[in-house]
Amino acid sequence: MDRDEQRHPNRAARAHLQFPSTKWELLAEASPQGEQSAAALNEFADRYYLAVRAFIAAVARNPVDADDLTQRFFETVVLSGRLLTRVDRGKGSFRPYLKQAIRNFLVDEHRREARSVHPDIRPDGVDDGWSTIVTDSSPAPDAELLRAWARSLVGMAVARLETICRENDQEQHFQLFTQRYLADPDHPPSWRDVGAAFGLDEKIARSRAETAVRHFRVLLRNLVASDMGSEKGIDEELHAVIAVL
Amino acid sequence: MKFRGKNTPPEAHDDQPPPPRDWTAALEALSGPQVKALLLVASDMPDPSSPPPHMDLIERAASETTTVEELRELKERAKGLAKEAADGRHREGAQLLYHVAVAAAFVRHGAAISGRPMRKQHALYEEVAAKWAGHPIGALFRDAADRLAGTKEHT
């Protein structure tokens with residue numbers, strides 16, 4: 001073991017927590033030709049499945065259709081590599097591109113079903129169905145996608161935080177963090193109460209939770225940055241999400 | 001989401017802390033307020049559930065009815081609080097009080113109560129205005145920064 005490994009024994013174990021530097025790399029790895037296809041695809045689904053489903057559900061307004069369509073979107077657009085092959089990597093943020101891909105997919109689906117004898121997709125009884133609903137940017141599906149995307153990223157960051165805390169023998173730090181921020185976010189318990197639940201005084205409870213907070217900030221901000229392809233504008237992105245919650 | 005469950009918590013005793021809660025189910029269904037609270041933790045915005053120390057004094061300094069003389073007193077008090085601060089958080093709270101008092105004197109009364117030229121505060125005021133956006137403190141620093149920008153343009 002070299003000096004660096006001695007100083008950071010958990011670094012190798014944390015390799016799986018490192019993210020691709022951009023969503024484009026993640027998408028490339030998730031494609032059928034990608035070297036780490038399965039793992040990257042799982043991560044891609046962790047990040048975007050709920051967001052895609054929320055967007056489709058806001059358009060379709062039918063949970064059964066939304067589940068089927070989301071599944072089909074991942075099969076025919078993501079797994080097939082179509083999402084990657086049509087991408088213009090110079091166009092920056094990924095979400096607008098993803099939304100347009102979903103819109104195009106829904107239009108294609110509607111046209112395909114309209115040609116079939118027994119269409120099983122019901123565009124809410126509107127004559128021109130999906131094509132009139134989804135071609136224009138609509139604030140409701142956009143907001144639903146943003147909320148669901150934020151939820152996925154926050155969930156991923158919390159799960160990864162737990163892994164890091166466990167590796168560092170800081171499980172109590174994680175419990176203090178969750179007690180403070182997840183137990184009752186509308187009425188968060190005081191640091192005194194958080195500490196009392198673990199037999200700790202207020203100052204130690206706060207200090208340990210703040211260690212977890214620092215890890216969490218890095219994890220979540222890295223996730224947002226890798227989605228944006230840049231560390232610039234992370235706070236603006238976070239503010240935009242907070243505004244729709 | 002894969003999340004480790006804690007299904008067999010030990011029995012609680014009077015002299016032991018209660019067992020940790022099973023967070024698996026909670027994370028499977030993160031609510032909007034939970035997501036928002038955690039986004040605030042990760043952002044540079046002030047966490048409303050954890051206001052800075054000396055918030056009562058800061059709010060008094062930001063009030064429209066506070067006089068210049070009171071603002072001078074609050075500014076001096078902030079200096080003392082910064083010197084006595086037990087940790088970085090309390091020092092930052094005292095520093096915020098200092099800047100709120102100076103900015104409020106400038107915006108509400110057109111008075112310069114700090115020895116430092118106001119034009120040199122512009123970058124700092126922009127930063128505080130962004131950090132406290134949506135809060136009366138943010139509005140105060142926005143106003144102060146805009147006035148300083150206007151002053152710059154005219155000089």
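**Rings and their surroundings in a predicted model**

Colleague: Is Y125(B) buried or exposed?
Modeller: The relative accessible area of Y125(B) is 0%, where buried means under 20%, exposed over 50% and partly exposed in between (1.4 Å probe, protein chains only). Residues are numbered from 1 along each chain as its sequence is written, while chains are lettered from A and ligands numbered from 1 in the order written. In this predicted model local features need pLDDT of at least 70, side-chain atom pairs count only at pLDDT 80 or more, and totals for chains, interfaces and linings use all residues, with side-chain values taken from heavy atoms, leaving out hydrogens and water. Because 0% falls under 20%, Y125(B) is buried.

Colleague: How many aromatic pairs are there over all chains?
Modeller: Rings of Phe, Tyr and Trp (its six-membered ring) pair if their centres lie within 6.5 Å; planes under 30 degrees apart count as stacked, over 60 as edge-to-face and the rest as tilted. By this rule, the count over all chains is eight.

Colleague: What kind of pair do F73(A) and F74(A) form?
Modeller: F73(A) is buried at 0% relative accessibility, and F74(A) is buried at 8%. Their ring centres are 6.0 Å apart and their planes stand at 80°, so the pair is edge-to-face.

Colleague: Which residue forms an aromatic pair with Y125(B)?
Modeller: The pair is edge-to-face, with 5.0 Å from centre to centre and 80° between the planes. The partner, which is buried with a relative accessible area of 0%, is F141(B).
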